[in-house]
Amino acid sequence: MTSVGDLLLHWASENGAGELSTLLSAAEWVARRYGIPTTGGAHGRWVRDASALGYLDVDWQAGKWSVAPAVLTALPMSGGLLMLTGARNQAMEERIEDAADDLGLEYHSAANHGGKGDISPPDSVIFMTDPGTDATALAAALKAAWVPCFALQVIPFLPHLALGPEAPEPVPGTLLKRYNENKRFGSKMGGYEEVLLAREDGIYRFRTSDRREVVQLRLDGNWYKTSHEEAIYLHRASRFTEPGDTLRWRAESDGERSSIGRLIVDWGAPLPPLHARAAVLSSGTAPWFSETAETAVYFNVPYALAAAIAESLQQKLGLLDVPSGGKRGG
């Protein structure tokens, strides 16, 4: 049975691009249509998760989205696992079946699960190959681009966090919402609450005169254009200075796979889109959300990538002991 996340991806792939508000409305409608109990912001989190999985490219500030081009990429140190991401309509579903049959390959759809109250992200299509497999031939059969290992190749391109261009302050009378990371909103810590005035520095969300919803950072009385994720890390950069305050990494073992592990991220500090995509395309699956620890856990993440993500976000990566009494990873 096709998952709800896949239905939304098929719809997005057929439409190609459009207004973000339309995509959000589609996700909200599908959740209601299939009786999925959601919490506030679930449709936005679905878009975020689909973007991290490499299916969508989203410009939150401009309010636009487009389906990403189809790409076949190798997962690091995975024994020949290849993930297909990007546009996936009915024609692509047929090419997946035909390519697997023609090349004698096995593949499976890995179900992705969001957090409690979320719409499930699209499934991940994973091909199982051996050293003799011609990945370029598979990519050609799928009409997809071949990228040997996105998770490692993207490291030099991770943007280093910096204040964005200055922006005008909200016009008087604008309905403002300020981010409060110390207050619980439903089942999660952190959320936006209405305020009368921007009396102090912080992260604010509001609608502009053309009805676009934007996030801006007020710092030392100045306003800056940014995104929610980048604003969180900019705000934390000077206050969270100890290793592991926000990002932690645990090696999988102390043996041959000691350079591969889990990247553990606080719920209150979601990774910016490109960083999230790099972490997700390490395993090919969405992160696991721990409600007890209030963290998102990304699997099969190379240490080199985890360290690069932390550095680019002005954070100090905490190194945790490997499980079962192993040696410290790093």
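Visitor: Among contacts in the chain between residues at least 6 apart in sequence, what percentage join residues at least 24 apart?

Guide: A contact here means heavy atoms within 4.5 Å. This is a predicted model, in which local features need pLDDT of at least 70 and side-chain atom pairs count only at pLDDT 80 or more, while totals for chains, interfaces and linings use all residues. Residues are numbered from 1 along each chain as its sequence is written, and side-chain values use heavy atoms, with hydrogens and water left out. Among contacts in the chain between residues at least 6 apart in sequence, the share that joins residues at least 24 apart is 61%.

Visitor: What percentage of the 330 residues in the chain is buried?

Guide: Buried means under 20% relative accessible area, exposed means over 50%, and partly exposed lies in between, with a 1.4 Å probe and protein chains only. By that definition, the buried part of the 330 residues in the chain comes to 48%.

Visitor: How are the planes of Tyr 107 and Phe 127 arranged: stacked, edge-to-face or tilted?

Guide: Rings of Phe, Tyr and Trp (its six-membered ring) pair if their centres lie within 6.5 Å, and planes under 30 degrees apart count as stacked, over 60 as edge-to-face and the rest as tilted. By this rule the count comes to five aromatic pairs. For Tyr 107 and Phe 127 the ring centres are 5.6 Å apart and the planes stand at 40 degrees, so the pair is tilted.

Visitor: How many residues apart in sequence are the parts that Tyr 107 and Phe 127 tie together?

Guide: Helices (H or I, at least four residues) and strands (E, at least two) are DSSP runs, numbered from the N terminus. Tyr 107 counts as partly exposed at 25% relative accessibility, whereas Phe 127 counts as buried at 0%. Because Tyr 107 lies in strand 6 (residues 106-110) and Phe 127 in strand 7 (residues 124-128), the pair ties together parts whose separation in sequence is 20 residues.

Visitor: How are the rings of Trp 249 and Tyr 303 arranged?

Guide: Trp 249 is buried, with a relative accessible area of 0%, and Tyr 303 counts as partly exposed at 30%. Their ring centres are 5.2 Å apart and their planes stand at 65 degrees, so the arrangement of Trp 249 and Tyr 303 is edge-to-face.

Visitor: Which ring has the charged end of Arg 236 over it?

Guide: A charge sits over a ring if NZ of Lys or CZ of Arg is within 6 Å of the ring centre and within 35 degrees of the ring normal. The charged end of Arg 236 is 4.4 Å from the centre of the ring of Phe 240.
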